[in-house]
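Please read it alongside the sequence and the model.

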Amino acid sequence: MPSWRQSLVKSLHKTRSIPESRYFQIATANREGVPFCRTVVHRGLTDDNQLLVISDTRTEKYQQLNENNRCHVSWYFAKTREQYRFNCTASMVTKIEQPDLVEAQWEKLSDAGKKQFLWGRPGTPRLDESALNVEGDYSIVPAHFCVLSLNIENVDYLNLRGNPQHREWHEKDENDNWVSQSVIP
Ligand SMILES: Cc1cc2nc3c(=O)[nH]c(=O)nc-3n(C[C@H](O)[C@H](O)[C@H](O)COP(=O)(O)O)c2cc1C
């Protein structure tokens, strides 16, 4: 297991009682290269080092990742004072491409979480107060519900604890083995 992954597993464990520790920011770029950044919820880390996020194919982030699948994640654990920054490539799937993964993520959501996916197209005008009072069948996974798998290409880790601070760069070598280098913070 790469050492950054061991650290991340520890960070998640130490902060498991703090819901905010599962939020990270993901930045994408549109076709003109204009950056966009937003908060999402960590939904899992696969054995092959992919961060899982759930989203909606009708959002800007999905459209941007469809055109340019490179993205950047920044994740700060306030309790342990650690920052992880990941350069990633994203792949996106709906229930058509990967029903098992997508249905499993849908099932984990509360009814309130599922309901958000029954609303209209994100970002379009909310014309009246009843727009979000929708009925729906929560047993059916909406066609636009998607899972983003963020394949981690390299890692910039910073730990603010201690004096001096500790920063490490992690990347894969030509044999696909993770190598680490301590760098000046
Ligand atoms: C704490 C928090 C968690 C969020 N989690 C998610 C999430 O897991 N997936 C998601 O698509 N949007 C999530 N959002 C909403 C996004 O930040 C964003 O507002 C929305 O997805 C539209 O972004 P876009 O237009 O850039 O695609 C979350 C927002 C907050 C504040």
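In which pocket does the ligand sit? In this predicted model, the ligand sits in the largest pocket, and the elements that give two or more residues to the shell around it are β2 (35–41), β3 (50–56) and α2 (60–67).

**The shell around the ligand**

- The residues that surround the ligand are Y23, R38, T39, V40, V41, I54, S55, T59, E60 and K61.
- Among the elements of the structure, β2 gives the most to this shell, with 4 residues.
- Sorted by class, the shell holds 4 nonpolar, 3 polar and 3 charged residues.

**Polar contacts and cover of the ligand**

- The side chain of K61 has an N or O atom that lies 2.6 Å from an oxygen atom of the ligand, and the side chain of S55 likewise has an N or O atom that is 2.7 Å from an oxygen atom of the ligand.
- From V41, by contrast, it is a backbone N or O atom that lies 3.1 Å from an oxygen atom of the ligand.
- On its own the ligand has 620 Å² of accessible area, and the protein covers 60% of that area.

**T28 in strand β1**

- T28 belongs to strand β1, which runs over residues 23–29.
- Is T28 buried or exposed? T28 counts as buried because its relative accessibility is 4%, and the cut-off for a buried residue is under 20%.
- The side chain of T28 is joined to the side chain of Q64 by a polar contact of 2.5 Å, and to the side chain of R38 by a polar contact of 3.0 Å.
- Of these two partners, R38 is also one of the residues that surround the ligand, so that the side-chain contact between T28 and R38 involves a member of the shell.

**K172 in strand β7**

- K172 is found in strand β7, which spans residues 166–172.
- With a relative accessible area of 33%, K172 is classed as partly exposed, because this value falls between the 20% limit for buried residues and the 50% limit for exposed ones.
- How far apart in space are K172 and W119? From C-alpha to C-alpha the two residues are 41 Å apart, and in sequence they are separated by 53 residues.

Conventions:
Residues numbered from 1 in each chain as written. Predicted model: local features only at pLDDT ≥ 70, side-chain atom pairs only at ≥ 80, totals over all residues. Heavy atoms only, no water. Near = heavy atom within 4 Å. Polar contact = N/O pair within 3.5 Å; in protein donor to acceptor, adjacent residues only side chain to side chain. Areas by Shrake-Rupley, 256 points an atom, 1.4 Å probe, with all protein chains shown as cover. 1 Å grid on protein atoms, 1.4 Å probe; cavity = no way out; pocket = protein on both sides within 12 Å on 5 of 7 lines; lining within 4 Å. Sits in = over half its atoms within 2 Å of the grid points. Nonpolar A, V, L, I, M, F, W, Y, C, P; charged D, E, K, R; others polar. Buried < 20%, exposed > 50% of the residue type's maximum accessible area, 1.4 Å probe, protein only.
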